[in-house]
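Me: I would like to go through this structure by question and answer. Please show it first.

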Amino acid sequence: MTRQRIVAAFVETLEDEQADDISMAAVAKRAKVAERTIYRHFKTRAELFAAAGEWIEKNVFSYIPFTSPDELPEIFRKLCKRFDRHPHLARAIAMTRAGRRVRAGFRRNLIDQHHKAMAPLVQHLPAKEVRQAEALASYLNNVLAWNAMREDFGMSSAEVADAIEWAITTLLKDVRRRDAAAAGVSAKTGKSQRKRIPARETTGVM
């Protein structure tokens, strides 16, 4: 229970202060524990940041698994509504140094999901184009896009979701067209157009 209270206090502090750094003293005060108690439950700040990321993913934004990139527009629309319920926390994990550290773990998981979901669509594309397609899909399905469009263009979350749906739909249509063309070339030449590379090289997007 103490561990959970510390994590919740850390997330609340991040949401309220939206600061690049979060002091353990502030977290301890909010959790009503001694600062040394935090380090009994979390040996390093990195452990606490990772636990906070898992807590946010599970209890606040509840990122949704998917198996096809065609699901992304509707998933992002749902996420926009969740970001609206916690706009300060969403902005904090998007823009602050502390927030980026918190979301690092679930971003890696999400990027891996994008890699697996995109795989059937890019079987014949060169590795460079595969990496570009995965990078764009991952970046569009991202709290950064939600925050930038709201702050830079004054868009509502519904408008952001519409724009992202347009962008992802256009991207996937072009990816399918390119892959089909590459498959036709491959069939004529009898050679594969894509150089296979490890998943970690195709998913290095942050």
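Me: Is arginine 30 buried, partly exposed or exposed?
Reply: This is a predicted model, and the answer rests on a computed area. Buried means under 20% relative accessible area and exposed means over 50%. Arginine 30 has 32% relative accessibility, so the residue counts as partly exposed.

Me: Which residue does arginine 30 meet in a salt bridge?
Reply: Side chains of opposite charge can pair when their charged atoms come close. Here the N to O distance is 2.9 Å, and a salt bridge needs a distance within 4 Å. The two partners are 14 residues apart, with arginine 30 in helix H2 and the other in helix H1. The partner is aspartate 16.

Me: How many residues apart in sequence are aspartate 70 and arginine 176?
Reply: Their side chains meet in a salt bridge, at 2.6 Å from N to O. Aspartate 70 lies in the loop between helix H4 and helix H5, and arginine 176 lies in helix H10, so the pair ties together parts of the chain that are 106 residues apart.

Me: What is the relative accessible area of aspartate 70, and what is the relative accessibility of arginine 176?
Reply: Aspartate 70 is partly exposed, at 44%. Arginine 176 also counts as partly exposed, and its value is 36%.

Me: What separates arginine 178 and aspartate 174 along helix H10?
Reply: The side chains of these two residues meet in a salt bridge of 2.7 Å, N to O. They are four residues apart in helix H10, which means a separation of about one helical turn.

Me: How are helix H6 and helix H7 oriented to each other?
Reply: Their axes are 5 Å apart and the packing angle is about 85 degrees. Angles of 65 to 115 degrees count as roughly perpendicular. H6 is therefore, relative to H7, roughly perpendicular.

Me: How many nonpolar, polar and charged residues are in the contact of H6 with H7?
Reply: From H6 the contact includes Ala92, Ile93, Ala94 and Met95, while H7 brings in Arg97, Gly99, Arg100, Arg103 and Phe106. By class, the residues are five nonpolar, one polar and three charged.

Conventions. Residues numbered from 1 in each chain as written. Predicted model: local features only at pLDDT ≥ 70, side-chain atom pairs only at ≥ 80, totals over all residues. Heavy atoms only, no water. Axes fitted to C-alpha atoms, helices over the stretch in contact; angles between N-to-C directions. Helix = DSSP H or I, 4+ residues; strand = E, 2+ residues; numbered from the N terminus. Parallel < 35°, antiparallel > 145°, perpendicular 65-115°, else oblique. Contact = heavy atoms within 4.5 Å. Nonpolar A, V, L, I, M, F, W, Y, C, P; charged D, E, K, R; others polar. Buried < 20%, exposed > 50% of the residue type's maximum accessible area, 1.4 Å probe, protein only.
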